[in-house]
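Q: I would like to learn how to read a protein structure step by step, beginning with the whole chain and then moving to single residues. Could we go through one together?

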Amino acid sequence: MARIVVIGAGMAGHSTALGLKHRLKDDHEVIVISPSSTWTNPDVMAQIASGLQLAQRQTVQLGPLYRRKGIIFHQGMATAVYPKGYRDDQRPQVQMTFTGSHLEGQVARVPYDYLVIATGHDIDRVAGIPAEATTVPTCVLDRLDSAIAGEAELRRLLFELQDSPVDDKPKVIAIGRSARGMGGFYGALEYALCVDEVLRAAFLRSRVELHFFDAGRPWMYGHTDEPKMEEDMQTALVHLIESHRLILHQDMRLASINGRRVRFVPVHGEGQPGEMECDLVAVEAARVLTPLSVYDANGADLRGDLYDGWGRLRVDAKTQQNGSGQVVTLLPRTFRNPTHRNIFGIGSAIAMDTRELVEGKDSAPTPVPMQTRDMAHLMSRQVSDLIIEELTGQKNKVLPETLEEIETVLSLCWDYGLISSRGFYAELTYPKKSSDAARQVLRVRHGLGPYWAVRTERFLERYRAKGRALWWMLPS
């Protein structure tokens, strides 16, 4: 009997554990280590923070679910990996500290035959922007606790507006990013659109200024050889922002708060910094990757075997130059660590972007953690297939789509009524009837169809996370 340990119960780790146990039955052990007792759907954090969704509807209690599925669950924080064993015990193992139970604070080591690391970014180090004697309420959209608190502050602001004279000074809400953040996540923009919807429903939109800071984000996920696609996407998003009367501060990021004044600065050094007085600040904060400690049996540091200099897991991803001369990352094929072949890395903790800093060149790009939410299920499926094939000799006959086949670039939803036209969907796709089958095209859609596409996608995410009937057949 093999023991497979999964560190992390987010989008990637949770689906991996469910998939492995579903296919391996009771022949092998699947163990999950996670500091949280719940899984939360990250796609709806902006709607939770704006009051359009209830937090409890978007969470799954892991303990009862894992007991029902036959998965062993340790609520705790993984702190170290011993891939060559610990002292006299030659079995590779993970060291963890229990949290949230009668064992809290106790240290244990869990041996493994296979290890899947899906730690993502360090949620405890996701923070807002530097603050000095701040008196303005701040909501960090990346954290569930802060999103819930932010919803209460937004509700308080609405009550203040309803109880104040119509000709009072408009309230100001600043929404944006404190850094470039993860590629492919648009939580701040969706939150801005959600707040716009909430204000309109309360007939208070004209009394609030919504400022959006895009932090110089790349507008598209991934790379393309067609610069016009980037331009078309940006044009479509700017039109969306302007049509909802958001005040766009392009290539600017939120920098700090002092009292009630928020300071913002240019991302690329072009333009002047500025300040504004706010009544509420909502920030999609910078994410930090914090690598686990890695030791040999005698305590020597082996972190370089598993992680690169930015704390990303080393997997079999490589770089190449595209037609425009840009260095782009080839997606991993097996997600194995090159040094320790029984360790896999998936989710946003992997080294998707393998660009290295060139010594002596300050302008060389420092990569940021990549958001891999849309890819998480494909990653877990690929890793699960590899582990199951090695354990049982059976190949999965159903070939999954490849990572390159993912078409979605951006999906936004800022309403939760049954009938709504407040949806925005953009995708890179290949034309079905074209002589140039390799040429990608950008399609931007908005209205009722995209609204239901996004809403269905998020419903399926929650349905899959609960391990409901036939969940393994749902498309990624």
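A: Let us begin with a caution, which is that this is a predicted model, and then look at the whole chain before any single residue.

Q: How many helices and strands does the protein chain have, and what share of its residues is buried?

A: The protein chain has 9 helices and 24 strands, and of its 476 residues, 52% are buried. Its accessible surface comes to about 22100 Å², and carbon and sulfur atoms account for 50% of that area.

Q: What share of the contacts comes from residues 24 or more positions apart?

A: Among contacts with a separation of 6 or more in the protein chain, 67% are between residues 24 or more positions apart.

Q: How should I read a salt bridge, and how many salt bridges are counted here?

A: The general idea is that side chains of opposite charge can pair when their charged atoms come close. A pair is counted here when a side-chain nitrogen of Lys or Arg is within 4 Å of a carboxyl oxygen of Asp or Glu, and by this rule the count comes to 23 salt bridges.

Q: Which residue forms a salt bridge with glutamate 29, and where do the two partners lie?

A: Glutamate 29 pairs with arginine 3, and their closest N and O atoms are 2.9 Å apart. This pair links distant parts of the chain, since glutamate 29 is in strand β2 (residues 29–34) while arginine 3 is in strand β1 (residues 3–7), 26 residues apart. Glutamate 29 is partly exposed, with a relative accessible area of 23%, and arginine 3 is also partly exposed, with a value of 27%.

Q: Which residue pairs with arginine 458, and is arginine 458 buried or exposed?

A: Arginine 458 forms a salt bridge with glutamate 190, with 2.7 Å between the closest N and O atoms. Because arginine 458 lies in helix α9 (residues 448–465) and glutamate 190 in helix α5 (residues 187–201), the pair ties together parts that are 268 residues apart in sequence. To judge burial, remember that a residue counts as buried when its relative accessible area is under 20%; arginine 458, at 5%, is therefore buried, and glutamate 190, at 4%, is buried as well.

Q: What about glutamate 427 and arginine 445: how far apart are the N and O atoms in their salt bridge?

A: The side chains of glutamate 427 and arginine 445 meet at 3.1 Å, N to O. Glutamate 427 counts as buried at 9% relative accessibility, whereas arginine 445 is partly exposed at 39%. Salt bridges can also share partners, and in this way Glu153, Arg156, Glu160 and Lys171 are joined into one network.

Q: What is the phi of leucine 470, and where is its place in the chain?

A: Leucine 470 has a positive phi of about 60°, although it is not a glycine. Leucine 470 is placed in the segment after α9, and with a relative accessible area of 48% it is partly exposed.

Note on methods. Residues are numbered from 1 along each chain as its sequence is written. This is a predicted model: local features need pLDDT of at least 70, side-chain atom pairs count only at pLDDT 80 or more; totals for chains, interfaces and linings use all residues. Side-chain values use heavy atoms; hydrogens and water are left out. Helices (H or I, at least four residues) and strands (E, at least two) are DSSP runs, numbered from the N terminus. Buried means under 20% relative accessible area, exposed over 50%, partly exposed in between (1.4 Å probe, protein chains only). Contact means heavy atoms within 4.5 Å. Accessible areas come from the Shrake-Rupley method with a 1.4 Å probe; for residues, only the protein chains shown count as cover.
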